[in-house]
Structures are given as structure tokens and as C-alpha cells.
Amino acid sequence: MSADGDVEALVSAVEGLRDEVERAVLPLEVASRAPAETSRRQLLQQLDDYVLPRLRAIDAPLLAVVGGSTGAGKSTLVNSVVGARVSRSGVLRPTTTSPVLVHHPADRHWFADTRILPSLARVTGQDTGESQPGTVRLAESTALPPGMALLDAPDIDSVVSANRAIATQLLSAADLWLFVTTAARYADAVPWDLLRTAADRGTAVAIVLDRIPPDAVAEIRPHLAAMLREQGLPTAPIFTVPETTLDAEGHLPPEAVERLRAWLQALAGDARARSIVVGQTLRGAVDSLSGRTSELVVASRDQHDAAVSLRRAVDESFDEARRRVSDGMTDGTLLRGEVLARWQEFVGTGEFFRQIETTISRWRDKITAAVKGGPPPAEGLGEALQTGVAALLLSNAETASSETTRAWRRLPGGVPVLARHPELAKPSPGLSPQVERLVRAWQGEVFELVRTEGQGRRTNARVAAYGLNAIGLFLMLVAFSSTGGLVGAEIGIAGGTALLAQRVLEAIFGDQAVREMAAKARVRLLELADELYASERARYAGALDEVAAPPDQAQRLTASASRLRAVVR
Ligand SMILES: Nc1nc2c(ncn2[C@@H]2O[C@H](COP(=O)(O)OP(=O)(O)OP(=O)(O)O)[C@@H](O)[C@H]2O)c(=O)[nH]1
Ligand SMILES: [Mg+2]
């Protein structure tokens with residue numbers, strides 16, 4: 001980190017990582033999202049508040065942040081060290097709600113702009129005690145030497161969550177954390193969580209054990225020192241400040257803070273000592289970056305996995321719907337109920353069918369004779385077939401919708417997407433008329449198929465004898481026939497139905513052609529169903545696209561973290 005070129009490379013690697021972290025999105029609400037969002041925010045903050053400004057200006061004054069529990073006496077301590085009431089202290093908890101930064105007048109330019117803590121607006125002038133969220137108050141003092149600034153922070157374990165957040169932010173902007181605690185509170189959990197984080201990141205820490213009853217020092221100090229060793233902060237110096245009465249200004253007697261003041265003065269006056277502290281904290285922060293990025297990498301992968309599962313649920317539901325439509329076309333489902341009734345009506349009006357059935361071998365003459373009275377009305381059967389096909393397509397689309405939403409409710413991240421798109425619980429509102437148009441179009445294509453196939457003169461005449469529509473309907477019946485799905489007496493009737501229609505068609509077109517035409521009709525209907533379902537699937541895919549993280553996010557984050565590692569090494 002010494003040569004300029006090295007620093008430049010480091011700055012650019014950190015900037016690269018920062019951009020990727022800023023760009024990263026975690027839109028799906030999966031379990032890892034909230035904690036990862038928090039560390040993403042904290043990471044960005046530390047980069048902007050501390051790492052990048054410090055790398056760009058290694059000679060800027062050392063910033064010592066005074067942090068700790070509410071009422072520990074932080075503001076009193078800062079005021080006492082600088083010998084002036086720069087920060088309000090008080091009996092109401094918490095007292096300090098926005099931070100106060102005390103610096104030497106000569107260092108003003110380092111803090112007046114947004115070099116560090118760019119998200120906090122600068123305010124100057126006397127502290128009125130009014131809460132000014134989002135600000136940092138600048139106070140000048142000649143009691144501090146140039147090269148060192150003290151920042152009085154809000155409490156770290158506040159009931160006011162904004163205080164906690166800003167305190168955490170300020171600590172990660174510190175070159176040195178002056179942790180203030182008391183005899184009563186030095187074992188509290190929250191401060192130790194933060195101290196552990198400081199230890200993990202290599203932040204320089206000094207401890208102020210404040211308001212210690214003089215007779216308790218001998219007991220508490222070694223205990224605290226042992227705790228610090230355990231938590232990875234064996235070298236943190238401990239300053240004890242005895243419990244005393246404050247003077248009229250609310251300051252501690254000078255001798256109580258003398259050791260601390262002398263240490264700070266010495267640090268400020270010694271450029272080498274300062275750069276060691278700054279260097280330790282900075283290196284610790286930089287070293288922690290790639291590890292902290294990995295949480296975001298894992299969360300990005302979770303996003304990807306969750307999105308894949310949600311998409312798969314859509315595909316599975318609609319693939320299943322397609323399968324059921326395909327099965328329904330050949331398992332006899334479509335020849336049940338209304339279709340069967342209309343077919344019997346249709347057959348009943350034309351005597352020829354019975355004759356065909358009995359004297360299949362001579363069917364042609366019989367048919368010709370039988371249709372003298374004109375073809376039987378086919379509308380009822382045609383409608384029943386249309387209704388049946390439409391119902392098959394609609395009901396399976398409905399099932400696919402409800403299956404998809406049910407799966408999404410179970411899958412990570414699915415519920416909020418459904419909450420944003422309640423319409424996805426059902427198929428598109430226009431699906432029913434769309435299906436009707438589809439079925440009519442398909443029927444038109446089947447009739448066209450019959451017309452094309454019946455081009456030969458003889459064939460044409462035979463088709464004409466029944467009517468093109470009737471032959472088309474026969475073809476649909478044949479296309480939909482199979483006894484697979486039928487039960488009991490229906491088998492005989494429906495099987496017979498199809499058989500009869502098939503015989504008529506075979507006699508006209510030949511059995512090979514009938515097989516091919518039936519297959520074509522089925523394939524075409526399935527193609528149309530696929531198109532229909534594709535637009536239904538697209539509604540779900542569209543809702544997921546809105547909450548999709550870029551697929552290469554984890555990869556890019558990993559790459560920028562390893563670029564940084566390579567520079568640091
Ligand atoms: N007697 C005595 N009172 C003290 C001492 N230090 C602080 N106090 C009092 O304790 C109260 C809290 O002190 P502050 O300095 O406001 O504490 P703080 O840590 O800044 O508190 P927050 O800003 O709420 O986080 C005030 O009423 C101080 O006057 C001390 O050493 N002796
Ligand atoms: Mg305070």
C-alpha cells in the first residue's frame with residue numbers, strides 16, 4: 001500500500017467492487033435477502049464513508065469515534081477532553097441523536113466537504129439540542145491538535161433505531177474506535193457484538209472504562225482485559241475514568257481524563273504512530289471486503305435458485321396441462337356426455353348409419369340411397385364437439401394456474417410475487433373467448449383438410465353427399481376416439497361411434513388417409529393449445545422477470561472480489 005501506483009490499483013479495485021455491490025439487486029424475498037441487504041448497505045456505507053476516502057487521502061486527520069451505550073458518559077468525556085461544551089450531555093436518554101465532530105480549525109477543509117460520511121449533511125453553530133437527523137455537527141477546538149478529530153456518536157444500543165443505525169455507520173467510518181463503557185455495563189451484549197466486528201475487521205480500538213468506583217478498578221479492569229483478549233482485541237488499551245462529581249460546566253476534573261488526553265495528543269502529534277493506527281484499520285477494512293462480498297454472492301445465488309424453482313413450477317404446471325389436453329384428445333374424454341348424445345341424435349336422423357353398420361361391404365350404394373333426403377343436421381354435434389374441446393383447454397388452463405399459484409405459495413419468494421399480481425391466481429380474463437376462437441379456427445382447418453383431401457372427383461361427390469361439415473365432424477370424432485378413458489356401457493357406444501364414423505371416412509378416403517388426417521387434426525389442435533398456453537405461461541414469466549436479479553450477478557461480484565484480493569496480496 002506504500003507506492004502511489006499500488007494505491008491507485010487498490011483504489012480502482014475497491015471502486016470496481018463498490019460498483020458491483022451497488023449494482024447488485026436482491027428483489028426476491030427469500031430468507032437470505034434481508035440480512036444480505038443489510039450487509040450490502042453497510043458495506044457500501046463503509047466504502048463511501050471510510051475506505052475510499054481514506055485510500056484517496058491517506059494523510060487526512062485521524063478520526064477517533066467515541067461510541068458506546070447510552071448514558072455511559074461519551075458526550076461528557078468529549079467535552080471534558082476538549083475542555084468545552086461541544087456536545088450536549090444530559091439526563092434524558094438518549095441525549096446525543098446526531099453526531100458531533102470536533103476538529104482543529106486548521107483541519108476544517110478535511111471535514112467541511114463530503115469527503116467522508118457523504119450521506120450526512122454538515123451543520124455548524126451551537127448545539128440547540130434539537131434532533132437533526134441525517135446531519136453531522138462540526139465543532140472547532142484548539143484543544144485538539146491538527147491531525148486528529150474526535151466524533152461524539154449516538155448510542156450503539158439505543159431504543160431509537162435511527163441512533164443505532166447511525167452509530168454503526170459511524171463506527172465503520174472510524175480510524176479508531178474509543179469504546180466508552182461503565183462498570184455497570186461493560187459486559188452488555190450489543191457492544192460486544194460490535195467489538196467483535198471491529199476485531200474481525202482489524203479496526204483499532206481503545207477502551208474507556210468510565211465512571212468506575214475507585215475501589216472497583218482493581219477487580220473490573222483485569223476482567224475487562226480478559227474479555228478483550230477472548231474477543232480478539234488483546235492489544236486494545238484501557239483507560240479508566242473514576243466516578244467523580246462533575247464541575248459546574250458538567251466537565252470531569254482534568255486529572256480524570258489526563259491519561260486519555262495525553263494519549264490522544266501523542267497520537268495526533270506523531271505522524272508515524274497515526275499512520276500505524278490508520279494503516280491497521282484501513283488494511284483490516286480492505287481485507288474484510290471480499291469476505292463480506294461473499295454473503296452477497298450467496299444471496300445472489302439464492303435469488304437465482306429461487307427464480308429457477310418458481311419458473312420450473314410454471315413449466316411443470318403447464319407441461320402437465322398440455323399432457324392432459326393431449327391425453328384428453330385421445331382417451332375418449334371428448335366423446336362423452338353431450339357429444340355422445342348429439343351423435344346419437346345425429347345418427348338417429350340418418351337411417352343410413354344403421355344400414356352401414358349391418359351391410360358394411362355394400363355401404364356406398366346404401367349411403368347414396370339413404371342420403372336422398374339430404375344430409376342430417378350436424379349443428380348440434382358440431383357445437384357439442386366445440387364445447388367439449390373448449391372445456392378441455394379451459395379447465396386445464398385453470399388447473400395449471402391454480403397449480404402454479406399453489407406451488408408459488410410454497411416456494412421461497414413466491415408469495416410476494418403473487419401479492420403483487422393477484423390476477424395470476426386465475427387464467428387471463430380473455431381466455432374463454434380466445435379458446436372459442438381457437439376451436440372455431442381449428443374446426444375450420446379440419447374442414448379445409450377434408451376439402452383438400454377430397455379433391456378427386458369421385459371422393460368429392462361422396463363428401464358432398466354427406467356435406468363437408470358432417471365429414472369434418474366425423475374426422476374430429478375419429479381423431480378423438482380411443483376407448484382408454486371410458487367406463488362401462490360408454491365404451492361400447494363411444495367405441496361404436498368412432499368406429500362408425502371411421503368406416504364412413506375410410507370408405508371415402510381410404511384407411512391410410514384417414515389415419516393421417518386424424519393425426520394431422522390432433523397435431524394441429526395441440527399446436528394451437530401450445531400457443532394458447534404459451535401466452536398463459538408468459539404472464540407468470542413476466543411477473544418473475546420483474547423481480548429477476550441479473551443472471552451473472554454472483555459471478556461479477558466474485559470476480560471483483562478476487563480482483564481486489566489479487567491487488568491486496
Ligand atoms: N457524576 C457523574 N456524572 C456523569 C459522569 N459522566 C456522565 N455523567 C452524567 O451522566 C449523564 C449522561 O452523560 P452523557 O455524557 O450525556 O452520556 P452519553 O454517553 O453521551 O449518552 P448518550 O448521548 O445518550 O448516548 C449526564 O447527566 C452526565 O452529566 C461522571 O463521570 N460522573
Ligand atoms: Mg451523548
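Strand β5 (residues 148-152) is mostly covered, with five of its five residues buried. The model is predicted. Strand β7 (residues 204-212) is also mostly covered, with eight of its nine residues buried. Ligand 1 is surrounded by 21 residues, and the protein buries 89% of the 650 Å² that the ligand exposes when taken alone.

- Strand β1 (residues 62-68) pairs with β5 in the parallel sense, over five bridges. Val66 stands opposite Asp152 in β5.
- Strand β2 (residues 100-103) runs antiparallel to β5, and three bridges join them. Here Val102 stands opposite Leu150 of β5.

**Strand β7 and its partners**

- What does β7 pair with? Strand β6 (residues 176-182) runs parallel to β7 and is joined to it by seven bridges. Across this pairing, Leu178 stands opposite Ala206 in β7.
- From β6 the chain passes through helix α6 (residues 189-200) to reach β7. This β-α-β crossover is right-handed.
- Strand β8 (residues 238-242) is also parallel to β7, with four bridges between them. Ile212 stands opposite Pro242 in β8.
- The chain then crosses from β7 through helix α7 (residues 217-230) to β8. This β-α-β crossover is right-handed too.

**The shell around ligand 1**

- Which residues are closest to ligand 1? They are Thr70, Lys74, Thr76, Thr95 and Thr96.
- Helix α3 (residues 74-82) gives the most to the shell, with three residues.
- By class, the shell has 11 polar, five nonpolar and five charged residues.

**Polar contacts of ligand 1**

- A backbone N or O atom of Gly73 lies 2.9 Å from an oxygen atom of ligand 1.
- A polar backbone atom of Gly90 is 3.1 Å from an oxygen atom of the ligand.
- Arg211 uses its side chain: an N or O atom there is 3.0 Å from an oxygen atom of ligand 1.

Conventions. Residues numbered from 1 in each chain as written. Chains lettered and ligands numbered in written order. Predicted model: local features only at pLDDT ≥ 70, side-chain atom pairs only at ≥ 80, totals over all residues. Heavy atoms only, no water. Buried < 20%, exposed > 50% of the residue type's maximum accessible area, 1.4 Å probe, protein only. Helix = DSSP H or I, 4+ residues; strand = E, 2+ residues; numbered from the N terminus. Pairing = 2+ DSSP bridges. Right-handed = clockwise from strand over helix to strand, strands pointing away. Near = heavy atom within 4 Å. Polar contact = N/O pair within 3.5 Å; in protein donor to acceptor, adjacent residues only side chain to side chain. Areas by Shrake-Rupley, 256 points an atom, 1.4 Å probe, with all protein chains shown as cover. Nonpolar A, V, L, I, M, F, W, Y, C, P; charged D, E, K, R; others polar.
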